[in-house]
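Subject: Handover of a structure

Dear colleague,

I am passing on to you the structure shown below. Please look through it before you read my notes, which follow directly after it.

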Amino acid sequence: MSFFDELGRYLSSANNRVQILGDLGDHVYLALLPLVIGIVLAIAAGWLGHRWAPARQVLTVVANLLYTIPSLALFVVIPGLIGSKILDSVNVVVALTIYTTALLVRPVLDALDAVPPPVVAAATAVGYKPVRRFFAVELPLSVPVLAAGVRVASVSNISLVSVGALIGTGGLGVLFTDGFQREYFSPIVVGIVLTLLLALVVDLVLVGSRNLLTPWTRVGAP
Amino acid sequence: MITDLVRWFGDPAHWSGPDGIPQRLLEHLGYTALSLVIALVIAVPLGLFVGHTGRGGVALVSAGNAIRALPTLGLVTFLFLLFTESVTSTIIGLVVLAVPPILAGTYAGLQATDHGVVDAAEGVGMTGWQRLWQVEVPISLPLVLGGIRNAVLQLVATAAVAAYVGLGGLGRFLLDGLAILDYPEVIAGALLTTLLAVALDLLFALLNRALVPRGVRLAAAVKKVAA
Amino acid sequence: MKRLVLLVVLVLAAGCGNPLAGGGEGGTSGDIIIGASDVGESLLLAQIYAGTLRQAGATNVTVRPPVGSREVVVKALQDKSLSVVPDYSGNLLRYFDKDTTATTSQDVYAQLRQKIPPGFEVLDQAPAEDKDLLVVGPQLASSGVKTFSDLGKRCGELVFGGPGQWSSRWKDKIKALYGCEFKEIRTTDTGGPVTVAALKSGDVQVADLFSTSSTIAANGFVPLVDDKNMFPAQNIVPVVAKGTLSPAEVAALNRVSAALTTSELTRLNVEFTEEKRNPLDIAEDFLART
């Protein structure tokens, strides 16, 4: 049977399709939830580091260190650290949140640094208090740089979730381990294609969101 | 837990033989080094060419991003089924993962060189080759090294995953220990892999110090402060 | 600003539904979560149990993707992340009683019922057995190695490939019974493709595979005869976390266990590994036959 015939046979089973869709859903959840939490934490950490130089030093070093930890190593260590159950999907979520935050702290700091001082001064002069100013002026101006970082983090997360299959969590990685165990190409190919498509779709959504949030970048350039 | 871990490291049986720490460490370094060399041979000339001539840059970056999205486990299992052999499939998979960061770093480095400087070099009479090697490459070195550093970290992390398809390396401690819930072995594997990554990272920091010309480093620092 | 709020609200709404709830977090009471170990056939059996329980009227039955070996599974049963797991009587007994001498199906099962810790119970065992086999390639077999005793004389020059835990489970026993000390014991995987590839290419000369596995015949490997019964009987038996199944559900599982014979199981394995059918499909067809 040719490869495509075999693929067709694989996809013709309703149970296989249900399995694939279920794994896809799990994968989306496991990749995107850490992304969102990571963004929030990174913004908070970045704000802290931007305000106080010693915090900045510590944050940069810690973020660098955390990001260096190899993925599988972090996945297996977390149940011991947070006392979660051995098969819990929370382990993957926590690990990926750590990675996302560590990855995004630098772009947040760089972006906040890049906000022109005259703009900040003008905002203060107009009457913005520091917190309000952060959310209404500095953060929106940081969006382009932040978005670039988030795009990298999302691709990374989507790829790393599949590694979780080695510690028993769901996601498209299950298709890889299944295909490997049975020497069966079809699930693996389906898993790879869906992962790539997912990364593409998420990337497009992120670019779209970035454009939505920064309307001034599209207004009348010379 | 800590006492169990210390005891695990204290056991001399874990330091000798085919399952011992030195052997696994060497295997892991071996896979990393081999894949790195192959990836460098592929990615650096390509990145230099595209960055220097400025042609095909967008296509390159897009292709690089697409490859970055490839799931590691999927690639490795796919290649294993194709070649029915652990080492070939894993090295190929690792090379595929290492090429995009090196490519991106090399290309970005060359792109970031000030056009004024390149112009001045041309004005002084340097040929294309001379411009490339005496001006553009030294200036782009920080970004190139950054790309290679990213690649090495990816490789160390992914080589651990490749133990799943029967490969050796530090990932063996992780997966074998996990299978029987031998936590000291698992933590030991995680610790060793992390220490290796951190050590290589420090190595790159030192390399950066040693290779990047003082003038370039100073210029970058000045640029940062002025911004 | 409004857009930001909208984005945050959407994200929170999305975050509220965890599709994995009940999968690994233990689920709410009344959920039946069936697990599988990393032996390929285990997932097949898990699906059969799942199908049986659903036919008996259970509604919240899920099957988790396969995880590590017995240690992980037992831990998960202990903290009720899993409710039921298909297991193998001989190895399960050895897990709880390392020094057991029982080797026949009846003895193993009787001892298992005694030795199993509180909090767990085993249901009726199936007639089907899936035993460990030591297999060699055709060349070694034709050179006069037919039994484990034959192997014992040659072990010192041979490399062995098997699951990670094989060494700690059997290294001493095989030395004591057959005088066998392998030149090298290599970790490949649990009767999976890495082991098969290693044996095929000659990287290892002896491998640990499983008797119902279709890869033995498919690759022309020769199983050796365990003349002194080192490997005990391995009947398929459901292990249950006490209190997670109702009497009707227990009865249903017992019925399906009774129908599971070794030849049936071998056939199911062929459908799973060689014909690559979906395990749920295979389970549904099997249940329709019983």
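Predicted model: local features only at pLDDT ≥ 70, side-chain atom pairs only at ≥ 80, totals over all residues.

Chains A and B

Chain A contains 9 helices and 0 strands, so that its elements, read from the N terminus, run α-α-α-α-α-α-α-α-α. Its C-alpha atoms fill a box of roughly 70 × 50 × 20 Å along the principal axes. Of its 222 residues, 54% count as buried. Among the contacts in chain A with a separation of 6 or more, 72% are accounted for by residues 24 or more positions apart. The accessible surface of chain A comes to about 9,500 Å², and carbon and sulfur atoms hold 72% of that area.

Chain B has 10 helices and 0 strands. Its C-alpha trace spans about 65 × 40 × 30 Å along the principal axes. Buried residues make up 49% of the 227 residues of chain B. Residues 24 or more positions apart supply 73% of the chain B contacts with a separation of 6 or more. For chain B the accessible surface is about 10,400 Å², with 71% belonging to carbon and sulfur atoms.

Helix H3 of chain A

Helix H3 of chain A covers residues 53–68, which is 16 residues. From its first C-alpha to its last, H3(A) reaches 23 Å, close to the 22 Å expected at 1.5 Å a residue. Which residues of H3(A) are buried? They are A:Ala55, A:Leu59, A:Ala63 and A:Thr68. An α-helix has 3.6 residues a turn, so residues three or four places apart point the same way. The cover over the buried residues of H3(A) includes helix H2 (14–51) and helix H5 (90–114) of chain A, as well as helix H7 (128–161) and H9 of chain B.

Two residues

A:Gly25 has its place in helix H2 of chain A. This residue is partly exposed because its relative accessible area is 34%, which lies between the limits of 20% and 50%. A:Gly25 and A:Phe134 are 109 residues apart along the chain, and their C-alpha atoms are separated by 35 Å.

B:Thr193 lies in helix H9 of chain B, which spans residues 183–211. Is B:Thr193 buried or exposed? With a relative accessible area of 0%, B:Thr193 is buried. Its side chain reaches the backbone oxygen of B:Gly189 at 2.5 Å. Leaving aside residues up to four places away in sequence, B:Thr193 touches A:Pro70 in chain A, and in chain B it touches B:His28, B:Val156, B:Ala160, B:Leu170 and B:Leu174.

The sheet of chain C

Chain C holds an open sheet of 5 strands in the order E7-E6-E8-E5-E9, with mixed pairing. The edge strands are E7 (184–187) and E9 (222–223) of chain C, each of which pairs on one side only. Strand E5 (residues 132–136) of chain C pairs with E9(C) in the antiparallel sense over 2 bridges, and C:Val135 stands opposite C:Pro223 in E9(C). Helix H9 of chain C (residues 193–201) lies across E5, E6 (159–162) and E8 (206–210) of that chain, running at about 145° to E8(C).

With kind regards

Note on methods: Residues numbered from 1 in each chain as written. Chains lettered and ligands numbered in written order. Heavy atoms only, no water. Helix = DSSP H or I, 4+ residues; strand = E, 2+ residues; numbered from the N terminus. Buried < 20%, exposed > 50% of the residue type's maximum accessible area, 1.4 Å probe, protein only. Polar contact = N/O pair within 3.5 Å; in protein donor to acceptor, adjacent residues only side chain to side chain. Contact = heavy atoms within 4.5 Å. Pairing = 2+ DSSP bridges. Axes fitted to C-alpha atoms, helices over the stretch in contact; angles between N-to-C directions. Expected span 1.5 Å × (residues − 1). Areas by Shrake-Rupley, 256 points an atom, 1.4 Å probe, with all protein chains shown as cover.
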